[in-house]
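Student: I have a structure open and want to work through how its parts pack. Can we take it piece by piece?

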Amino acid sequence: MRPRVALFATCVGDVAFPNAIIATVKLLERLGVEVSFPQAQGCCGQMHVNSGFPDLAIPMVRSFAEAFSGCDLIVAPSGSCVGSIRHQMLSVARRSGDESLVSHVQEIVPRVRELTEYLVDDLGLVDVGAVFPHRVAYHPSCHSLRVARVGTRPYDLLRNVEGLELVEQENADSCCGFGGTFSVKNSDVSSAMLTDKLDAITSSGAEFVTSLDVSCLMQIGGGLAHERSGVRTVHLAEILAGTVN
Amino acid sequence: MGRAFVGIQPSFPAAAREALKDSQLRTNLAHATGTIRGKRARVTEELPDWEFLREAARGIKQQTLADLADLLVEFEKNAQAAGAIVHWASSAEEAIAVVREVAERHGVESFVKVKSLTTDEIGLNEAMNAVGVDAYETDLAELIVQIANEHPSHVLVPAIHKNRSQIRDLFIEHLGANEDTVDDPAVLASIARAHLRSRFLDAKMAVSGANFAIADTGSLVVVESEGNGRMCLTLPEVLVSIVGIEKIIPSWEDLEVMMQVLPRSSTGERMNPYTTIWTGTAEHDGPAEVHIVLLDNGRSRTLAEPVGRDALMCIRCSACMNVCPVYERTGGHAYGSVYPGPIGAILTPQLLGPGQAETLPYASTLCGACYDVCPVMIDIPSILVHLRATGPHGGTEKAAFAEVARTLSNARGMRRAHRWARFGLPLARLGSALRIGPIRAWSRSRSLPQVPRESFRDWWNTR
């Protein structure tokens with residue numbers, strides 16, 4: 001039977017970085033997966049929870065639960081959003097005082113997969129047949145590394161991309177400085193962190209930087225463009241789908 | 001002496017902006033935190049049972065917090081039986097009053113000190129200085145910070161913001177070192193040693209904190225690396241130890257776990273160099289008069305917080321600040337608190353109470369590195385997020401987030417969000433809310449993303 005998944009596009013992916021989400025769809029379909037996109041979905045609520053407005057996140061969690069009700073597996077190409085779904089969504093649901101929402105969320109959360117988890121664990125693939133003859137630096141986003149805990153899966157997938165040279169960068173697992181509203185509330189510190197991240201990337205000799213999170217790529221890419229460095233940012237799904245142009 | 005420290009709370013972003021201008025500070029911090037980070041990683045990775053030790057340490061501190069009232073009384077009873085005089089201080093002022101009374105009764109004009117965050121927290125040095133009693137710091141780094149008339153910038157390495165040539169200059173200026181002194185660590189250490197030796201031998205009174213207070217024996221434990229603590233704790237006739245009530249551990253056996261996780265997490269050592277444990281007084285051995293001041297100073301209030309109370313499990317190892325990417329750039333002074341870094345960002349606002357240090361919970365990207373290294377597994381990111389939720393918010397900020405929330409919770413809103421993103425509307429709204437012009441703040445070092453004409457949803461629905 002053909003595997004089926006529901007796609008969680010993530011709000012920032014849907015609105016501002018559609019290429020990463022389109023690549024996710026194309027990749028999954030090429031691998032024989034039937035992808036659905038529940039239209040009622042919006043945001044997971046992380047931005048509001050992390051900014052100190054957990055109650056405002058309740059309607060978002062409600063629409064998430066309604067959108068993905070009855071779905072077998074839910075795949076999202078984001079370590080950060082998946083991390084928030086796993087670690088914050090239930091506590092937001094509890095704040096609503098709505099027991100049916102709580103049980104609904106409890107039932108959905110274990111069925112959510114980060115894209116690399118789905119590829120490696122559910123499909124059993126590390127080689128998705130991608131070709132990308134470039135030097136690539138991988139930025140392990142904090143939330144994919146320490147909240148969603150995707151482990152070595154992204155590296156396993158990248159190492160099996162034909163022609164791809166994975167370059168080492170100094171302090172690779174150090175934060176890029178984005179942190180949501182941190183990037184504007186503490187913009188000086190955020191920029192200082194970014195400066196070190198950009199130094200590590202540019203001195204690694206990479207032509208591309210990739211990550212599981214478009215928000216980090218927005219920060220890093222914004223810095224690279226500001227510096228006119230010529231290094232490009234692409235989501236991991238774009239490399240695996242072969243949609244980078 | 002420096003000014004009193006806790007209570008002055010500048011906004012973190014403003015203080016951080018100043019700190020970031022100091023390129024020497026940035027270099028020193030990156031080098032020092034990077035070195036300690038590496039050492040800690042090596043000595044924790046070598047232990048097959050490291051994660052079990054963390055869980056055990058967490059369990060001990062959780063039990064301590066759950067039973068704190070009983071454990072404190074048990075500690076008091078056992079310490080008194082061993083000859084210690086136990087005082088209870090609900091505030092900094094009450095703790096200072098005890099030290100002052102003891103100093104006056106013995107007619108001392110100065111005392112020596114073991115490095116102690118708790119005494120920094122209550123501003124002891126400044127308060128005693130004001131009544132004519134000098135406090136001499138004897139930890140090398142504390143001495144450096146004291147003669148520089150500054151405050152510690154790190155829990156474990158108070159002078160982490162200074163490099164050796166800066167220290168050499170301070171020693172020439174304040175300790176009478178020769179003008180041609182070289183910035184060799186061994187030379188600098190011997191200058192400090194000679195200076196401190198006379199302080200130890202002259203001292204009639206010492207003040208310390210404690211790393212642990214063991215309830216079932218009434219003992220105090222001080223963990224240090226230089227031997228200055230041992231001198232302070234054994235040579236003077238009178239000893240006053242100021243101990244936060246959360247420093248209790250239930251039993252002597254629990255110390256076994258703590259003495260494994262603490263050195264590996266803090267200095268990256270397998271074993272601590274100087275561990276001094278004392279139980280009341282002993283005839284012809286150590287101080288003849290031993291005082292213990294059990295300090296509350298906001299801890300009971302923090303203990304009443306179901307989420308935030310975990311901050312009281314902290315054993316002050318400083319691993320969280322060594323891995324924190326924010327701390328690594330700003331250093332400790334930007335936090336405006338004795339307790340900087342991630343633990344400071346959750347501890348300081350709670351110890352000080354409502355209306356204080358409100359920018360500290362935002363001094364984090366929530367990257368999670370602190371949680372992964374904490375030896376007692378304090379979920380610092382979750383507590384930061386909790387403190388953001390319970391703290392105050394501007395009306396316009398809240399209105400902007402409410403608008404965004406309504407937008408991002410249905411399909412029609414998502415399409416509107418795409419139009420907004422295309423035309424920068426939400427950023428402008430958020431901008432007026434955060435009152436710092438986020439577009440400007442963002443654009444100083446980063447280009448704004450180009451939002452494509454077609455959202456993902458548009459693509460999906462038309463393919």
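Student: Which residues of H9(B) meet H10(B)?
Tutor: This is a predicted model, so keep that in mind throughout. On the H10(B) side, the contact uses B:Pro185, B:Leu188 and B:Ile191. Facing them in H9(B) are B:Arg164, B:Ile167, B:Arg168 and B:Phe171.

Student: How many residues of that contact are charged?
Tutor: Sort the contact of H9(B) with H10(B) by class. Five residues are nonpolar and no residue is polar. The charged count is two.

Student: At what angle do H9(B) and H10(B) cross?
Tutor: Helix H9 of chain B covers residues 164–174, and helix H10 of chain B covers 185–202. Their axes come within 11 Å. The crossing is left-handed. The angle is roughly 35°.

Student: Are H16(B) and H18(B) parallel or oblique to each other?
Tutor: Helix H16 spans residues 341–352 of chain B, and helix H18 spans 380–390. Their axes lie 10 Å apart, at an angle of about 40°. Angles under 35 degrees would count as roughly parallel, and 65 to 115 as roughly perpendicular. The pair is therefore oblique.

Student: What is the handedness of that crossing, and which residues of H18(B) make the contact?
Tutor: H16(B) passes H18(B) in a left-handed crossing. H16(B) brings B:Pro342, B:Ile343, B:Ala345, B:Ile346 and B:Pro349. H18(B) answers with B:Ile380, B:Ile383, B:Leu384 and B:Leu387.

Student: How many residues of the contact of H16(B) with H18(B) are nonpolar?
Tutor: Go class by class. No residue is charged and no residue is polar. The nonpolar count is nine.

Student: Now the sheet in chain B. Which strands are at its edges?
Tutor: The sheet is open and has six strands with parallel pairing. The order runs S1-S10-S7-S4-S2-S3. An edge strand pairs on one side only. That picks out S1 (85–89) and S3 (134–137) of chain B.

Student: What is the bridge partner of B:Ala89 in S10(B)?
Tutor: S1(B) pairs with S10 (residues 289–295) of chain B in the parallel sense, over five bridges. On average, neighbouring strands of the sheet are turned by 25° against each other, direction ignored. The partner of B:Ala89 is B:Leu295.

Student: How far apart are the centres of domain 2 and domain 3 of chain B?
Tutor: Chain B is divided into domain 1 (12–299), domain 2 (307–390) and domain 3 (395–458). Take the centres of domain 2 and domain 3 over C-alpha atoms. The separation is 29 Å.

Student: And in chain A, how many residues does domain 2 give to the contact with domain 1?
Tutor: Domain 1 of chain A is 4–122 and domain 2 is 135–241. Their C-alpha centres lie 22 Å apart. Domain 1 gives 26 residues to the contact. Domain 2 gives 21.

Student: Which helix gives the largest share of the side of chain B that touches chain A?
Tutor: The contact pairs 53 residues of chain B with 52 of chain A. Several helices of chain B each supply at least two residues, including H1 (12–20), H19 (395–407) and H20 (411–423). The largest share is six residues, and it comes from H20(B).

Conventions
Residues numbered from 1 in each chain as written. Chains lettered and ligands numbered in written order. Predicted model: local features only at pLDDT ≥ 70, side-chain atom pairs only at ≥ 80, totals over all residues. Axes fitted to C-alpha atoms, helices over the stretch in contact; angles between N-to-C directions. Helix = DSSP H or I, 4+ residues; strand = E, 2+ residues; numbered from the N terminus. Parallel < 35°, antiparallel > 145°, perpendicular 65-115°, else oblique. Left-handed = near helix turned anticlockwise from the far one by under 90°. Contact = placed C-beta atoms within 7 Å. Nonpolar A, V, L, I, M, F, W, Y, C, P; charged D, E, K, R; others polar. Domains from an automatic or database assignment. Pairing = 2+ DSSP bridges.
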